[in-house]
Amino acid sequence: MPRISSSKRFNEFRERARANGNNPRAVSPHGHSNSSTRKLGTRERNFPELFTQFIRLLAGHRRRVLVALALLTVGIGLRLIPPLGTKLAIDLALTQPAKQVPNWAGSVISSNDPLTILVSIAICVVCVTAAATVIHLTSRWMATKSVNLAQISIRKRVFEHSIHLPMNLVHDLKSGGAASLIREDAGGVADLIFSMLYNPWRAIVQLSGSLTILMLVDWKLMLGGAMLLPLVWVSHRTWINRIRPLYRDIRKQRQTIDGSVTETFGGIRIVRTFSRQRSETGRFVTEGNLLVREQLFTWWWTRIIETVWEVVIPLASTALLLYGGYQIIQSELTLGDLMMFLVYLTMLLDPLATLAASAAGFQNNLAGLDRILDLLEVDKELPTSADAMKVSKLSTAGHVELENVSFSYPNTEQEVISNISLEVKPGNTVALVGKSGAGKTTLTNIIARFYDPSSGRVRIDGRDLRDIELNSYRQLLGIVEQDVFLFDGTIRENIGYARRNASDKEIQHSAIMAAADSFIQRLPKGYESRIGERGVKLSGGQRQRIAIPRAICADPKI
């Protein structure tokens, strides 16, 4: 099948971006279906919904985040005090004739001597700055700690949910795609503590404080600074709604690349057998080129906002400086007022720029949150009824019955097996014989309840599997698959994987029963030999002979 060029796919990406810009509520072309088959990242959520879901994900960390924000508020409040010292120093000590010490400053400045005034102001500024620094550092430490702890808990929640997803969705994700979701998307969600809570809150507090002080100095100057606020809103409405879908597509492309790379190296023997190294490299380069094009396109959209603010802020500062200078010439403001005003103006404009920049920046993590919420909305595999009962090996005989079982895989209509009835009594050994594709593996997957039959039912000791708690049923099974999967670890760990607390004696006994003990003992480190990823350090037959004692070690009923 010919590979579609990255430039053609990028043009489709760009057209989709334009469509989303004209209709922000547009849905991805993948469309919608039920929660178990819908592709991740196809649902559009508005900001209030994302914000609410994010706060819910922070359960267990919200108190620490609130304390961090409270300390931040105090720290920013203290940082608003030192510029007042600039005004007092200029008006009371550095200009002639000096103004009289205001009554509200009399408790700190007890002398009219200029040097004493300067020293008193300097001491106060140093003390306030030191206190603000300590409080701000404590606040940032608590926020950073919250981010790291939230990353662990969110990744854990996503991992636990992913490992119970329906098998068809797990296969669609691929192992590399699932790893990308857990590592990058779930990890990035916690960063929203800074980009969506901490930094914007700091900007809001600093903005509110600066506007309040400017209003006390000169309400006209305050209005001039406040006129910039609508620009933040306009920039948000104009660009931000377009940026998040772009970041979501970038994350999808990264997931595709991760899945493809994992698949290539997982099948490296096949790649080399058929000399497809060049083809796989070409596929990797094509996907990487598309990712770069998407990232550069999104970079330009994001830079538009930053460029606007790089122009607006200097122009606003210049205009307000001219107005303040005119007020001094007219003797309506003192030089100290103007200097204090310029400092507060900087403190006013910086948070405006922060709000505008963060509004663009955190769209990337919001896109990741969007995808994580899609994943968490998918129902777990084969939900059992609320009154499902647990079973144990002691209470189960192992009598398996299939009654008129038919099955077709999700999103397909063709039946793989049709109207199959089968009875396997306890202690019996049954072999299913048939040509390739006849449905033998599918039938065993249904018995293991990886899938439920489309019609008919499977019973164990006369009880429908859907009325049995899934995990307790699976503990009755011992499975050796045709395509053996082993973990990167020791032989002892792989055999003992079937039973959590298996002793060394039980592990060796399982190997002896499977006629694997002799070859294991011949290895340099015996049962402590490491076998590599997927057991690559063993031959195909040796891998099979490790999988058999692993199933025996489970002491299965079936």
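# Briefing: a predicted protein model

Phe487, with a relative accessibility of 34%, counts as partly exposed. The protein has 558 residues, of which 42% count as buried. Its secondary structure consists of 19 helices and 4 strands. The points below move from the whole chain to single residues.

**Overall architecture**

- The protein contains 1 cavity of 30 Å³ or more.
- The volume of the largest cavity is about 40 Å³.
- Its lining is formed by Ile446, Arg449, Asp452, Pro453, Arg457, Val458, Asp464, Leu465 and Arg466.
- Sorted by class, this lining comprises 4 nonpolar and 5 charged residues, with no polar residues.

**Aromatic pairs**

- How many aromatic pairs does the structure hold? The count is 7.
- In one of these pairs, the ring centres of Tyr409 and Tyr451 lie 5.3 Å apart and the ring planes stand at 90°, so the arrangement is edge-to-face. The cut-off behind this label is an angle over 60 degrees between the planes.
- Tyr409 belongs to the loop between strand S1 (400-407) and strand S2 (417-424), while Tyr451 belongs to the loop between helix H14 (440-447) and strand S3 (455-460); the pair therefore ties together parts that are 42 residues apart in sequence.
- Tyr409 is partly exposed, at 26% relative accessibility, whereas Tyr451 has a relative accessible area of 10% and is buried. The two residues fall on either side of the cut-off, because buried means under 20% relative accessible area.
- Another edge-to-face pair is made by Phe485 and Phe487, with 5.1 Å from centre to centre and 85° between the planes.
- Phe485 is partly exposed, with a relative accessible area of 34%, and Phe487 is likewise partly exposed, at 34%.
- Tyr409 and Tyr451 also belong to one aromatic cluster together with Phe407.

**Residues with positive phi**

- Asn404 is a residue other than glycine, yet its phi is positive, near 50°. This residue is found in strand S1. Its relative accessible area of 39% makes Asn404 partly exposed.
- Asp555, which is not a glycine, has a positive phi of about 50°. Its place is in the segment after helix H19 (540-553). With a relative accessible area of 46%, Asp555 is partly exposed.

**Buried residues in helices**

- Where does Ser210 lie? Ser210 is part of helix H7 (residues 192-217). At 0% relative accessibility, this serine counts as buried. When residues up to four places away in sequence are not counted, Ser210 touches Leu80, Tyr344, Met347 and Leu348.
- Leu88 has its place in helix H4 (residues 82-94). Its relative accessibility is 10%, so Leu88 counts as buried. Leu88 and Ile121 are separated by 33 residues in sequence, and their C-alpha atoms are 7.7 Å apart in space.
- Is His136 buried or exposed? At 16% relative accessibility, His136 counts as buried, because the cut-off for buried is under 20%. His136 lies in helix H5 (residues 114-162). With neighbours within four places in sequence left aside, its contacts are Leu72, Arg79, Tyr198 and Arg202.

Methods: Residues numbered from 1 in each chain as written. Predicted model: local features only at pLDDT ≥ 70, side-chain atom pairs only at ≥ 80, totals over all residues. Heavy atoms only, no water. Helix = DSSP H or I, 4+ residues; strand = E, 2+ residues; numbered from the N terminus. Buried < 20%, exposed > 50% of the residue type's maximum accessible area, 1.4 Å probe, protein only. 1 Å grid on protein atoms, 1.4 Å probe; cavity = no way out; pocket = protein on both sides within 12 Å on 5 of 7 lines; lining within 4 Å. Points joined across faces, edges and corners; volume = space filled by probe spheres on them. Nonpolar A, V, L, I, M, F, W, Y, C, P; charged D, E, K, R; others polar. Phe/Tyr/Trp six-rings, centres within 6.5 Å; stacked < 30°, edge-to-face > 60°. Contact = heavy atoms within 4.5 Å.
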